[in-house]
Amino acid sequence: MNSTATAIPFVKASACGNDFLIIDGIHAPADLAAFSRRICERHQGVGADGVEWLFPAQDAEVQARLFNADGSEAEISGNGTRCVAAYICSEQAKEKVVIRTGAGLKICTFTSRSGAQYEFEIAMGEPQVGDEFPIKLAFREVRGIPVSMGNPHYVVFVNEFAPGWQAEAAEIGGHPNFKYGINVELVTKVDNRNINARFFERGVGETQSSGTGSCAAAVAAIVAERAESPLRVHAPGGVQTVRWEQQVFLRGTAQLVCRGEFFV
C-alpha cells in the first residue's frame, strides 16, 4: 500500500440483504456525500446500499447519519438502524440500544443472537397515513397509500410482481407529485398475517429488503383492511415482523459481515 494513502476502517453489515457500511465519524471526510457514493459503488468500492456514519450523541448511544448509495442523505433506514445496533452490541453487550436518527430517537431492544447475527425489535414511532390517491404514469394509472415512517413511502397493492416492475417503481419514485422523491413499495397479499413486498428506495433503487418500507407496507395493508397486526413482511432478502399498536414495532435480524479498510 502507498504510504501516502489513508485507510478508513469500516464494518459491513446486512439486514435481510439490505447492506450498509458502518463508519466512525472521526474518519468522516469533508464531503460525506461524495465519499459515501464512492465507497458504496459495487465495482470500484466496497459496495452497499448506504453508509451509516456514527457520531457522538448526548441522548443516545450514538447518532447515525445515513447516506444512500447515490450520496443523498436520508432521514432513517430501519434496517440500517438495526445494523448499527448489532455493531454496538458486538462491541459492548446491551439489552437496549438507543440510536439518534434523522427521524428521532429509536430504541432497539435486543431479542437474540446467533454468532454474528443479532435480532432486535425497534420502536419505530407512530406512522402518518394519508388517503389513497392515484398517480398517472406513462402507460397507466396506479393507486397508492402514502405512509410516513419519518421518511416518505407510497404503497401500491398489486396482484403480482410483473416483469420489469422496477421501471414502473422508478417512474413512481420520480413523479412530480413527490417533490423530494419517495420510497415505493409494491405489495401482494398472502393471507391476513402475511404479505409479500418489493422495494424501490429513494437514492438506491431496488433493495432486497427495507425496514421502514416493511413498516409502511404493513401499516397500509392494515389500514386498507387487507391484513392485521402482527404481520410478516416477506421480501427477497428475508422476513420481518411488524406489530402496530399505538406505535409500530419492527422485528428482524442484522448480520455483521466483515470489517476492513478502504484506501483513499
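Trainee: What should I keep in mind about the numbering and the model?

Mentor: Residues are numbered from 1 along each chain as its sequence is written, and this is a predicted model in which local features need pLDDT of at least 70, side-chain atom pairs count only at pLDDT 80 or more, and totals for chains, interfaces and linings use all residues. Side-chain values use heavy atoms, with hydrogens and water left out.

Trainee: Why is Ser36 called buried?

Mentor: Buried means under 20% relative accessible area, exposed over 50%, and partly exposed in between (1.4 Å probe, protein chains only). Ser36 has a relative accessible area of 0%, so Ser36 is buried. You will find Ser36 in helix 1 (residues 32–40); helices are DSSP runs of H or I with at least four residues, strands are runs of E with at least two, and both are numbered from the N terminus.

Trainee: What makes the pair of Ser36 and Trp53 a polar contact?

Mentor: A polar contact is a pair of N or O atoms within 3.5 Å; within protein, one must be able to donate a hydrogen and the other to accept it, and residues adjacent in sequence count only if both atoms are side-chain atoms. The side chains of Ser36 and Trp53 meet that with a distance of 3.0 Å.

Trainee: Which residues does Ser36 touch, not counting residues up to four places away in sequence?

Mentor: With contact meaning heavy atoms within 4.5 Å, Ser36 touches Val51, Trp53, Phe67 and Asn68. Asn68 lies in strand 4, and its 6% relative accessibility makes Asn68 buried too.

Trainee: Why is helix 2 described as largely enclosed by the rest of the structure?

Mentor: Because 12 of its 14 residues are buried; among them are Gly78, Arg82 and Tyr87.

Trainee: What about helix 4?

Mentor: Helix 4 is also largely enclosed, because 12 of its 13 residues are buried. Ser210 caps its N-terminal end, with a side-chain oxygen 2.9 Å from the backbone nitrogen of Gly213.

Trainee: How many disulfides are there?

Mentor: Taking a disulfide as a pair of cysteine sulfur atoms within 2.5 Å, the count is zero. Cys83 is in none, as the nearest cysteine sulfur, that of Cys16, is 9.1 Å away. The sulfur of Cys258 is 12 Å from the closest cysteine sulfur, in Cys83, so the gap is too far for a bond.

Trainee: Why is Cys258 called partly exposed?

Mentor: Its relative accessible area is 36%, so Cys258 is partly exposed, whereas Cys83 counts as buried at 0%.

Trainee: What makes a space in this structure a cavity?

Mentor: On a 1 Å grid over the protein atoms alone, a cavity is a set of points where a 1.4 Å probe fits but cannot get out, and lining residues have an atom within 4 Å of a point. The structure holds one cavity of 30 Å³ or more. The largest cavity has a volume of about 150 Å³, where grid points are joined across faces, edges and corners, and a volume is the space filled by probe spheres set on the points. Its lining has 18 residues, and Leu66, Asn68, Ile76, Ser77 and Glu201 lie nearest its centre.

Conventions. 1 Å grid on protein atoms, 1.4 Å probe; cavity = no way out; pocket = protein on both sides within 12 Å on 5 of 7 lines; lining within 4 Å.
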